[in-house]
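Let's take a walk through this protein together. Keep the structure open beside you and follow along from one region to the next.

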Amino acid sequence: MKGMSEREYAAHSGLSRGGVQKARKNGRLVVHDDGSINAAASDVRRAEMTDPDQQRRSLGGDGLTSGPGETTSYIKARTALTVYAAQERQLAVQKKKGTLVDRARAETLVFRLARQERDVWVTWPGRVAALMAAQIMAEVERQSGASVTIETAIMQRVLEAHVREQLDALADLRVSLA
């Protein structure tokens with residue numbers, strides 16, 4: 001036997017026997033014709049082919065940074081990507097269930113609803129002024145016995161003034177969907 005067995009190389013490199021078998025399978029080890037492992041050549045090949053963070057973790061390091069530039073590790077980036085993909089899937093599910101709506105569409109619908117409500121209130125005095133004037137005249141006549149005339153146009157102007165006042169106060173309200 002020219003080189004080391006898997007057990008010997010595992011002890012030499014600090015890897016588990018399963019790790020040595022995996023490295024052999026992935027071509028990271030140099031193997032002699034008799035199946036034994038060339039330790040020196042395998043160490044060099046493993047160093048070239050293995051992620052630096054993976055090497056440091058296998059030797060007991062923290063694996064948080066790689067190289068002299070202190071860049072984010074592969075594992076942290078992979079975790080962030082996985083979390084992002086999970087969040088995207090969760091948003092897609094919520095959208096399908098109807099618990100999540102498009103913000104721009106919601107703002108448009110709220111604006112349209114507020115405008116419709118305002119339009120109804122602006123036209124309301126014209127629809128009810130004559131009816132209110134008649135009801136007030138009937139009530140005054142019933143209580144006092146005197147005949148009173150209330151001009152519908154005056155009633156409408158008073159109602160319009162009060163409705164516009166109220167609508168101006170409501171115009172300061174802002175919907176925040178943030």
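**A walk through the chain**

Of the 178 residues in the protein chain, 15% are buried, where buried means under 20% relative accessible area, exposed means over 50% and partly exposed lies in between (1.4 Å probe, protein chains only). Before going further, a word on the ground rules: this is a predicted model, so local features need pLDDT of at least 70 and side-chain atom pairs count only at pLDDT 80 or more, while totals for chains, interfaces and linings use all residues. Residues are numbered from 1 along each chain as its sequence is written, and side-chain values use heavy atoms, with hydrogens and water left out.

Now for the overall layout. The protein chain has seven helices and two strands, taken as DSSP runs numbered from the N terminus (helices are H or I, at least four residues; strands are E, at least two). Read from the N terminus, the order is α-α-α-α-β-β-α-α-α. Among contacts (heavy atoms within 4.5 Å) with a separation of 6 or more, 37% join residues 24 or more positions apart. The chain exposes about 13,400 Å², and carbon and sulfur atoms supply 56% of that; the areas come from the Shrake-Rupley method with a 1.4 Å probe, and for residues only the protein chains shown count as cover.

Lys 2 sits in the segment before H1 and is exposed, with a relative accessible area of 63%. Gly 35 is 33 residues away from Lys 2 in sequence, yet their C-alpha atoms are 8.9 Å apart. Setting aside residues up to four places away in sequence, Lys 2 touches His 32, Asp 34 and Ser 36.

What about the inside? In soluble globular proteins, nonpolar side chains tend to be buried together. Here the largest nonpolar core has eight residues: Tyr 9, Ala 10, Leu 15, Val 20, Ala 23, Leu 29, Ile 37 and Ala 39. A core, in this sense, is a set of buried Ala, Val, Leu, Ile, Met, Phe, Trp, Tyr and Cys residues joined through side-chain atoms within 4.5 Å. Helix H1 (6-13) and helix H2 (17-25) are the elements that give two or more residues to this core. Another core lies apart from it, with five residues that include Val 128, Ala 129, Ala 133 and Leu 159.

On a 1 Å grid over the protein atoms alone, a cavity is a set of points where a 1.4 Å probe fits but cannot get out, and a pocket is an open set with protein on both sides within 12 Å along at least five of seven lines; lining residues have an atom within 4 Å of a point. Grid points are joined across faces, edges and corners, and a volume is the space filled by probe spheres set on the points.

The largest cavity has a volume of about 30 Å³. Trp 121, Val 122, Pro 125, Glu 160, Val 163, Arg 164 and Leu 167 line this cavity, and H7 gives the most, with four residues.

The largest pocket holds about 660 Å³ of space. It has 18 lining residues, and the closest to its centre are Ala 114, Leu 170, Ala 171, Leu 173 and Arg 174. H6 makes the largest share of this lining, ten residues.
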